[in-house]
Amino acid sequence: MPIYEYQCGACGHQFEALILPKTTGTACPECQGTELERLVSSFAVDSETTRKSNLEAGRRQYAPIRKEKQWEQMKYEQRELKEHSEG
Ligand SMILES: [Zn+2]
C-alpha cells in the first residue's frame with residue numbers, strides 16, 4: 001500500500017500517511033490542521049507519475065495515426081459512393 005509524505009501548511013510538521021480519499025479528511029497529528037501538502041519526493045509517486053506520462057505519450061503518438069486511418073477510410077467510402085452513382 002502506498003505511503004505518502006505530507007507537510008502541514010499550518011505548523012510545517014512532516015508526516016507519512018496512507019493515501020486516503022479526500023472525504024476522510026487527513027489532519028496533521030501535531031496541530032490537527034487540514035491544510036496538508038503532499039510531498040512528491042516519494043519513490044512510489046515518481047514511478048506512478050512516470051508510468052502515467054508514458055501511457056499518455058503513447059496515446060498521443062497513436063492518436064494521429066488512428067485519425068489518419070479514419071480519414072483514409074472516409075475518402076475511400078466517398079470515392080466508392082461517387083463511382084457507384086456515376087456508373
Ligand atoms: Zn500541523
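Strands (E, at least two residues) and helices (H or I, at least four) are taken here as DSSP runs, numbered from the N terminus. With that definition, G9 is found in the loop between β1 and β2, and the chain as a whole comes to one helix and three strands. This is a predicted model, in which local features need pLDDT of at least 70 and side-chain atom pairs count only at pLDDT 80 or more, while totals for chains, interfaces and linings use all residues. Residues are numbered from 1 along each chain as its sequence is written.

**Overall make-up**

- Read from the N terminus on, the elements of the chain follow the order β-β-β-α.
- Of the 87 residues of the chain, 2% count as buried, where a residue is buried if 20 or more other C-beta atoms lie within 10 Å of its own, exposed if 12 or fewer, and partly exposed in between, with C-beta atoms placed from the backbone.
- Among contacts between residues at least 6 apart in sequence, 39% join residues at least 24 apart; two residues are in contact if their C-beta atoms, placed from the backbone, lie within 7 Å.

**The sheet**

- The three strands form an open sheet in the order β2-β1-β3, with antiparallel pairing, and two strands are said to pair if DSSP finds at least two bridges between them.
- Because β2 (14–18) and β3 (36–39) each have a single partner strand, they stand at the edges of the sheet, and one side of each is left without a neighbour there.
- Neighbouring strands of this sheet are turned by 40 degrees against each other on average, direction ignored; the axes behind this value are lines fitted to C-alpha atoms, for helices over the stretch in contact, and angles run from 0 to 180 degrees between N-to-C directions.
- In general, strands of a sheet pair through backbone hydrogen bonds, either parallel or antiparallel.

**Strand pairs and their partners**

- β1 and β2 run antiparallel and are joined by five bridges; within this pair, Q7 stands opposite Q14 in β2, and the bridge partner of I3 in β2 is L18.
- The hairpin of β1 and β2 has five residues between the strands, and in this hairpin G12 takes a positive phi near 80 degrees.
- Strand β1 (residues 3–8) also runs antiparallel to β3, to which four bridges join it; here E5 stands opposite L39 in β3, and C8 has L36 in β3 as its bridge partner.
- β2 is hardly covered, since the count of buried residues among its five residues is zero.

**Residues in the loops**

- G9, in the loop between β1 and β2, counts as partly exposed because it has 13 C-beta neighbours inside 10 Å.
- Not counting residues up to four places away in sequence, G9 touches G33, E35, L36 and E37; G9 and L36 are 27 residues apart in sequence and 5.5 Å apart in space, C-alpha to C-alpha.
- E30 lies in the loop between β2 and β3, and E30 is partly exposed, with 13 other C-beta atoms within 10 Å.
- Leaving aside neighbours within four places in sequence, E30 is in contact with C8, C11 and H13, while E30 and G12 are 18 residues apart in sequence and 9.5 Å apart in space, C-alpha to C-alpha.
- Q32 also has its place in the loop between β2 and β3, and Q32 counts as exposed because it has 10 C-beta neighbours inside 10 Å.
- Although Q32 is not a glycine, Q32 has a positive phi of about 65 degrees; most residues other than glycine have a negative phi.
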